[in-house]
Each structure stands twice: as structure tokens, then as C-alpha cells.
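Please open the structure in a viewer and keep the selection panel at hand. The stops below are to be taken in order.

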Amino acid sequence: HAADALRTDLMTITRYVLNEQSKHPESRGDFTILLSHIVLGCKFVCSSVNKAGLAKLIGLAGETNVQAKKEEPITWVVYSVGEEQKKLDVLSNDVFVKALVSSGRTCILVSEEDEEATFVEPALRGRYCVVFDPLDGSSNIDCGVSIGTIFGIYMVKDFTEPTLDQALQPGKNMVAAGYCMYGSSCTLVLSTGSGVNGFTLDPSLGEFILTHPDIKIPKKGKIYSVNEGNAKNWDGPTAKYVENCKFPKEGSSPKSLRYIGSMVADVHRTLLYGGIFLYPADKKSPSGKLRVLYEVFPMSFLMEQAGGQAFTGKERALDLVPKKIHERSPIFLGSYDDVEEIKALYAAEA
Ligand code: AHG
Ligand code: MN
Ligand code: MN
Ligand code: MN
């Protein structure tokens, strides 16, 4: 019975990746091992995020008197107050770095939290370079709004002598990309270059189960997502595009605005419901805000794999070749037709 199959024949993320791998007889299981270490990082961060609010209230020793603790920072690992507000970012970074290095399958790591790239010690080197944002949307931590982890994976040709330029490849060279969203449920969205699949963490099993097979973004959407507080500094095409969303030409209805301020959550909604997510350039930040390697590339990879597009205002986002690991770029991504429209506006201006 189909219902039986649903309950007892679970498509876990590991099983899914093993299935994919069996299509490539030359593969040696390295990717499966790497991914299982990324999954461990996601589960750890998910559990820390869920505990963070509680930790703030009760502290390490289970101290329930919040008033008594007010003056001293609470030192429990996942959370602290005052100057150390970003503790959860740092914890998440530590978890991912350790999980990735110990997989024995990585040689270069680039994290949003670390100024320099990490070169894995020779004994633990493997053939993958992983770029990641361990905790994206950190301004949303304190109010319990969805945050996430973003990652992209490159293959490194000569991994015995890794060099920085192997981390500076265009996004189209990624072999896989994904994100994990810590929201009302914990959802991991992954592409290994043949479509996009979504997995939801079953906390009772500790396993990610395939819940969103073969995600395709609607060809056109009804939602736009942008920080409109920056509007006074926008360039002409961005301003025109957003104006059109609100006051469309005769016959079509205006789009709805949704903006969470967590890229993972805004992109996740865009992927499932359709529409467009914009983080444009503006006069104050001529390269926009989002980072090419571990924000723009993975999300652009997923969008294209789901049938959408990703554009920088100048070119296809995945064609960009970054010169620095923390480089930024404007980004417009989402439903095919919606991105087509902004491309036309930039083309008209050029
Ligand atoms: P991070 O928390 O990793 O520093 O990134 C935050 C990013 C991203 O999640 C989001 O899309 C964007 O910042 C929101 O920026 P604004 O507050 O400028 O809208
Ligand atoms: Mn980020
Ligand atoms: Mn971050
Ligand atoms: Mn940060």
C-alpha cells in the first residue's frame, strides 16, 4: 500500500544521495560522506537554535531567576547577552568547520564568519572546497524568526596542493549547493545538479526525510521581496521594477510584498511560491550586501536548478568569477518571467 510505503520506506537524505551516486559508477562515496557531515552540522545548529531562547532565560545551571542574572552575561554555549550577541553565529561556525574538516573530504573552507579561508591539514584533506554561511539572518535570532545555513560545494582538481583560486571559481562550477532553514520546521533544500529536492527533519528519527521532491519554481510569481527602506538610493532599473510591482500596467494586478530579512527564508518562500527576491546595488553599497561565494552562488544555483533565473544586474549570477572570498554582488533571483523583466530593464538602460 502507498500509505504503508510512506510510513516504513523512508527516503532519507543519505539514501537519496546514495541513489544519485549509483548513477555515477566512478564515484567513491566521498560526496555522501561529506554531505552526512554537513547534515550533522545542520542538526546541531537546529538544536542550538531551538535551545537558544530557553538558554537565555534559564542559563547554564538551570538558574530560573532572570533578575538575579541580569548583570552578568549568561555563559551557556549557545547564547550570551550584551557584547556577545553573535554567539550563536560563532558556535554554528565552529560546528561546521569541525564537521567539515573531520569528514576528511575537504581541502578548503570559506566561511562568512572567518576572514581567511581555512586550508585543511594535509592528513585530513579531500577533494572538496566548501563555502558556507553558517548562520544567515542573524538579526532575526533574538526574535525567533527563521534563520538558516547556506552552503556550496566545489570540486578541487589538485587537492594535495590547494590554492585560494580554487575557491574563487564561478558559481556554475559548483557540484552541489543547498541551505537548511531553521523555521517552524527544519528544512534542508539540496541540489546536486539534477534538480532540487527538499527534506524535512523528523526530530523523532533525527533524519531528514524527502518531503519536497523535484521542486520547480512557478514560471511567474505574485510576490516581490526587497528591503524597500533602501529605495532612495536605488538605481533606475531597480526603482522602475519595484514601481511596476506596485503599479503594474493596465490589466495585471499588483504583486504582494514579503520581506523577512533572512535570505534563507526569503529565498525558500520564493522557491516554493514563486516571485522575485532582490538585493540590489544602491548608492551606499554599490555592490549590494550579499556575498557572492556563500550567499549569491548557492541560491542562484538552486534557482536555476528549479527552473528560475539569477541575475546580477549585469550578467547571469553563476557566470561571475569572484576575485575575493568575501566579495559582494547585487542579486535578483526567482521565477523565470519575473527575472526576465528586470533583465529587460537593465538592458534598456545599458
Ligand atoms: P548574515 O546574518 O549572515 O550577516 O546575513 C544577513 C543578510 C541576509 O540574510 C538578508 O537577506 C540580508 O542580510 C538582509 O539585509 P537588510 O537588513 O539590509 O535588508
Ligand atoms: Mn548571511
Ligand atoms: Mn551569517
Ligand atoms: Mn554575520
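The tour goes from a ligand shell to a sheet and then to a helix.

The model is predicted: local features need pLDDT of at least 70, side-chain atom pairs count only at pLDDT 80 or more, and totals for chains, interfaces and linings use all residues. Residues are numbered from 1 along each chain as its sequence is written, and chains are lettered from A and ligands numbered from 1 in the order in which they are written.

**Ligand shell.** Select ligand 1 and the residues around it, among them Glu112, Asp133, Asp136, Asn227, Met263 and Lys289; a residue is near if its C-beta atom, placed from the backbone, lies within 6 Å. Strand S3 (125-136) and helix H7 (263-273) each give two or more residues to this shell. Helices (H or I, at least four residues) and strands (E, at least two) are DSSP runs, numbered from the N terminus.

**Sheet.** Next, display the five strands of an open, mixed sheet, in the order S10-S9-S11-S13-S12; strands pair if DSSP finds at least two bridges between them. S10 (256-257) and S12 (309-311) are at the edges with a single partner strand each, so one side of each has no neighbour in the sheet. Now select S11 (276-279) and S13 (331-334), antiparallel strands joined by four bridges; Tyr279 has Ile331 as its bridge partner in S13.

**Helix H6.** Finally, select residues 236-246, where Pro237, Thr238, Tyr241, Val242 and Cys245 are buried (20 or more other C-beta atoms within 10 Å of its own; exposed means 12 or fewer; C-beta atoms are placed from the backbone). Gly236, Glu243 and Lys246, on the other side of H6, are exposed.
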